[in-house]
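Please keep the sequence and the model at hand while reading.

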Amino acid sequence: MAAFSIGALYSGCVARAKSLPALWLISDARNDAGLERALARLPRGSGFIYRHYHLPGPERLARFRKLRRIAMARGHVVILADSALTAREWGADGIYGAARSLWPRRAGLLHLATAHDLAELGLAIRLGADAALLSPVFPTRTHPGAPVLGAARFRLLARQSRLPVIALGGMTAKRARGLGWPRWAAIDGLS
């Protein structure tokens with residue numbers, strides 16, 4: 001493994017994080033039918049995380065290309081839940097996934113890590129992620145009945161992070177205002 005400096009990774013993360021969107025739409029099988037409309041309604045320069053794990057390869061790529069065109073026309077940042085190689089081939093701005101799947105860092109791509117606790121936030125920082133999506137803040141249809149962080153625990157964890165944190169899980173505009181957190185993402189809450 002190549003040697004690296006945590007300080008250098010952190011400095012780079014801070015510089016890139018300043019341009020991170022505040023609002024993120026995440027794709028899923030259940031919001032697919034309304035994604036074109038949702039992307040068009042998002043404020044210019046928002047973020048879009050394309051997952052669509054439910055589609056086979058060729059269909060997933062075709063759907064990505066269509067949605068990417070709409071997102072780019074609105075100035076959105078487009079992130080792919082896949083490898084760095086695939087993100088580059090498909091023309092995405094970055095990658096999304098568990099922190100370990102984002103390592104090693106790939107220059108020129110944003111790296112958005114998933115996190116559910118302080119240990120995963122720490123790992124995302126150590127591995128040089130640009131931001132972490134911390135979830136689930138509230139009950140969510142994605143993981144029905146799963147334990148949630150709640151507003152107080154979310155804020156406690158997020159404030160301890162040196163990495164920009166994006167709230168995820170049961171988020172809506174109303175909940176985001178109540179949470180008082182600058183960055184948030186949603187599947188159902190934005191589609």
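The model is predicted. A pair of aromatic rings is described by the distance of the centres and the angle of the planes. In this structure there are 4 aromatic pairs. Two of them are listed here, including the pair of Y50 and F64 and the pair of F64 and W90.

| Pair | Centre to centre | Angle between planes | Arrangement |
|---|---|---|---|
| Y50 and F64 | 5.2 Å | 65 degrees | edge-to-face |
| F64 and W90 | 5.3 Å | 45 degrees | tilted |

Where in the chain do Y50 and F64 lie? Y50 belongs to strand β2 (residues 47-50), while F64 belongs to helix α3 (residues 57-73). The two residues are 14 residues apart, and their pair links distant parts of the chain.

F64 also pairs with W90. Because F64 is in helix α3 and W90 is in helix α4 (residues 84-90), this pair ties together parts that are 26 residues apart in sequence.

Are Y50 and F64 buried or exposed? Both are buried. For F64 the relative accessibility is 1%, and buried means under 20%, so F64 counts as buried. W90 has a relative accessible area of 15% and is therefore buried too.

The charged end of R175 is placed over the ring of F138, at 4.8 Å from the ring centre.

Key. Residues numbered from 1 in each chain as written. Predicted model: local features only at pLDDT ≥ 70, side-chain atom pairs only at ≥ 80, totals over all residues. Heavy atoms only, no water. Phe/Tyr/Trp six-rings, centres within 6.5 Å; stacked < 30°, edge-to-face > 60°. Helix = DSSP H or I, 4+ residues; strand = E, 2+ residues; numbered from the N terminus. Buried < 20%, exposed > 50% of the residue type's maximum accessible area, 1.4 Å probe, protein only. Lys NZ or Arg CZ within 6 Å of the ring centre and 35° of its normal.
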